[in-house]
Amino acid sequence: MIWGIFKRDMCHATRNVIAVIVSMGLVVVPALYAWFNIAASWDPYGNTKALKVAVANNDKGYKSDLIPVRVNVGETIISTLHANDQLDWQFVKSDKAIDGVKSGEYYAAIVIPKGFSADMMTLFSPDIKHAQLKYYLNEKINPIAPHITDQGATTVVNTIDKTFAKTIAQVGLDLASSILHYSQSPQMAEYMRNLNGNLTTMANTLSGASQQVTSYSQLLGSANDIVDSTGKLLASATKAGKQAQNALKQGKSGATSFTSAGANVTSSVNTALDQVSGAFDQVAAKVNKAFDAIGKGSDTAASQLTALSEQVSSGESLYDTYITSLNHMRESVEQLPDSDSAKQALLEAIDREITLLEAAKGDSQKLAQQLKDASTQVTQDTAAAESSRKEILNRITSAKQSISNVRDDYATNVKPKIDALASTVSTLISQTDSMITQLSGTADDLDDVTGDVGTNVTSIRSTLGAIAKKLDSSAATVKELITKLETGGNAGDGNSDGGDGDNDADSGESDELRALATANASTLSTLISAPVALHRVSVYPIANYGSAMAPFYTILSIWVGAIILCAMLKVTISDREKAHVLGLGDTLPRIAGPSGPGNASRWGLRLDHEYFGRYAIFALLALLQGTLVCLGDTYFLGVQANHALQFLAVGWLAALVFSNIVYTLTVSFGDIGKAVAVVLLVMQVAGSGGTFPIETLPKFFQMLYPFLPFPHAIDAMHAAMAGSYGNEYLLDMVYLALFLIPSLLLGLVLRKPVIRLNNWVSRNLESTKVM
């Protein structure tokens with residue numbers, strides 16, 4: 001009976017092209033469902049470089065006295081991210097980054113604040129601040145993207161931590177290495193030799209000082225004679241002071257005379273210079289008068305010009321007199337002590353005045369010569385007379401200006417310095433007089449003190465003895481330091497032949513320091529920044545994310561295929577088909593009663609024959625679905641399958657179990673059974689553990705987990721793909737097959753009581769003319 005029903009179903013399914021196409025579609029559609037999902041999730045975490053994440057650097061950097069190098073962690077982060085293709089990093093301003101996250105242009109944004117470097121460097125200060133990155137995240141765009149971008153942000157933070165720790169450690173190790181290398185350099189050896197030499201000299205100096213102090217103590221024994229000699233010396237000083245006072249009185253008188261003489265010189269200079277300047281004015285007037293007389297008689301004009309030339313020449317003696325006076329004054333100033341601050345300035349002023357006078361004298365000489373030359377030209381060439389007049393007048397103006405310069409320079413530079421010198425000499429004499437007076441009084445006081453000196457000599461000698469002992473002790477300490485330095489140097493060179501335990505310990509510590517400092521600084525700093533390295537050991541490795549998700553989507557598609565089969569194929573057998581299987585023609589006898597399951601049982605077509613007979617085509621198509629999807633996973637998509645036959649066996653068993661469950665629900669409950677199959681699908685998608693570990697799901701799904709077929713089918717497929725631990729694969733296959741028991745129990749035994757109920761529900765649904 002079962003075979004007969006299956007043969008007729010196969011004939012009907014292949015009767016025409018449309019039926020064949022639909023049958024093929026029923027086999028292919030579940031495979032397409034699985035393949036599209038597996039291919040779409042093949043390597044999603046390998047394509048995260050397309051996710052846009054904005055980065056904005058506002059870090060101002062940091063520089064301190066401790067580390068005189070500018071530190072900008074923000075720039076380091078940007079440089080690191082430029083070389084990172086984990087995400088699509090967008091380097092923008094902070095305002096654009098935040099606005100881009102809000103608009104959805106960026107999935108996330110990392111903003112480095114202004115004081116980021118400064119906060120990180122507070123590690124070296126008492127007030128430590130925790131440096132923070134601002135992380136903006138748009139969580140509404142996609143449920144998975146926030147977790148991916150979180151991983152990117154975490155990577156940035158971990159990179160910063162490791163880079164910072166590595167940099168600090170490397171700087172410290174490089175410094176220690178440099179110090180060690182420098183300590184072993186020839187320069188350092190030379191410095192140590194110089195230091196030992198200096199310390200030896202210091203020790204000798206201290207010993208010599210001790211001996212000198214002892215000698216001083218001995219010399220104090222003859223202090224009484226010295227005191228007596230001092231008294232006599234003071235008496236002589238008092239007498240000399242009185243003689244000096246008399247000399248100072250004479251010097252004071254001389255200073256007064258010097259001041260008066262300076263005033264007289266000033267008056268004489270001004271008078272003489274005024275006279276010379278006036279004389280030039282007269283000469284100018286006479287020159288004009290002489291040239292005006294050229295038209296009346298050239299001989300008269302020539303004689304006048306000759307007379308003016310002789311008058312100007314006679315005035316040169318005034319310049320010589322003044323220059324001689326200044327030279328005498330200069331000799332007097334040179335007698336002053338070199339320590340006098342006014343001496344050099346006054347000498348320079350006098351020299352400048354002499355130079356100006358000599359220039360003025362030269363102008364007068366040139367003027368006299370021009371006047372003499374003009375007297376000759378007047379008699380020979382009257383045409384050039386006017387040119388000579390202009391030259392002579394210009395020369396007169398120049399001579400007058402020279403005289404004015406001399407007078408102004410004397411008033412500005414020479415006279416004030418002469419007055420200041422006179423005042424300084426007078427003040428010095430007064431102060432010296434006061435000092436000698438005080439010296440006389442002090443000598444009288446010291447004469448009284450010398451009597452008490454002898455009493456204090458004994459006390460002083462005792463103090464000097466104590467000082468000598470301290471100096472000897474200091475010399476011994478320095479010599480001990482020299483010995484230790486020499487010992488330390490030998491230990492550092494490795495040339496020490498032996499020593500006590502302390503020296504051995506110091507040598508061991510030195511060797512350890514040397515070993516640490518001479519190691520590779522980069523390697524050590526990397527170890528310090530990340531002392532624990534994670535070595536991943538894959539147990540049952542999966543090639544890629546697509547392979548890891550293949551069991552879930554494959555099992556899911558097989559269940560979807562079972563639902564499609566029940567939606568497209570009839571699960572009940574018509575009375576006409578029953579009659580043909582029984583050989584009764586096209587219809588069942590009337591005594592069969594209403595059309596429905598089990599109405600042909602009196603002719604041998606029982607309810608179980610109907611169940612298995614119609615299920616046979618469902619099972620065949622389900623096996624074809626499972627075969628196609630598993631082979632496509634393995635050979636079309638390239639899903640990892642270490643045990644391909646086991647992988648295919650899981651697909652076959654899952655196809656039989658799932659198709660039987662859905663078929664039984666549909667046969668037993670009709671359209672309600674189809675709805676129940678969809679509900680079971682939804683429950684298993686959430687509670688199968690195919691995407692997230694079952695332990696991460698709510699408690700309800702964890703309790704429901706063992707009673708669903710999906711988890712066991714997915715686990716069996718994982719074992720077939722990557723390997724099985726013990727009997728894991730077989731146990732999961734057995735657990736999956738056990739779901740046939742309640743399904744067959746419902747379809748063969750429990751179905752009978754609900755047949756009438758199902759028929760009643762179907763009649764009521766059909767009566768709506770809608771369902």
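Buried means under 20% relative accessible area, exposed means over 50%, and partly exposed lies in between, for a 1.4 Å probe and protein chains only. This is a predicted model, in which local features need pLDDT of at least 70 and side-chain atom pairs count only at pLDDT 80 or more, while totals for chains, interfaces and linings use all residues. Residues are numbered from 1 along each chain as its sequence is written, and side-chain values use heavy atoms, with hydrogens and water left out.

**Salt bridges**
- The structure holds six salt bridges, each a side-chain nitrogen of Lys or Arg within 4 Å of a carboxyl oxygen of Asp or Glu.
- One of them joins Lys-578 and Glu-610 at 3.3 Å, N to O; Lys-578 lies in helix 16 (residues 575-582) and Glu-610 in helix 17, so the pair ties together parts 32 residues apart in sequence (helices are DSSP runs of H or I, at least four residues, numbered from the N terminus).
- Lys-578 is buried at 0% relative accessibility, and Glu-610 is also buried, at 5%.
- Arg-606 and Asp-608 form a salt bridge whose closest N and O atoms are 3.1 Å apart; Arg-606 is partly exposed at 43% relative accessible area, and Asp-608 is partly exposed at 25%.

Notes
Helices (H or I, at least four residues) and strands (E, at least two) are DSSP runs, numbered from the N terminus.
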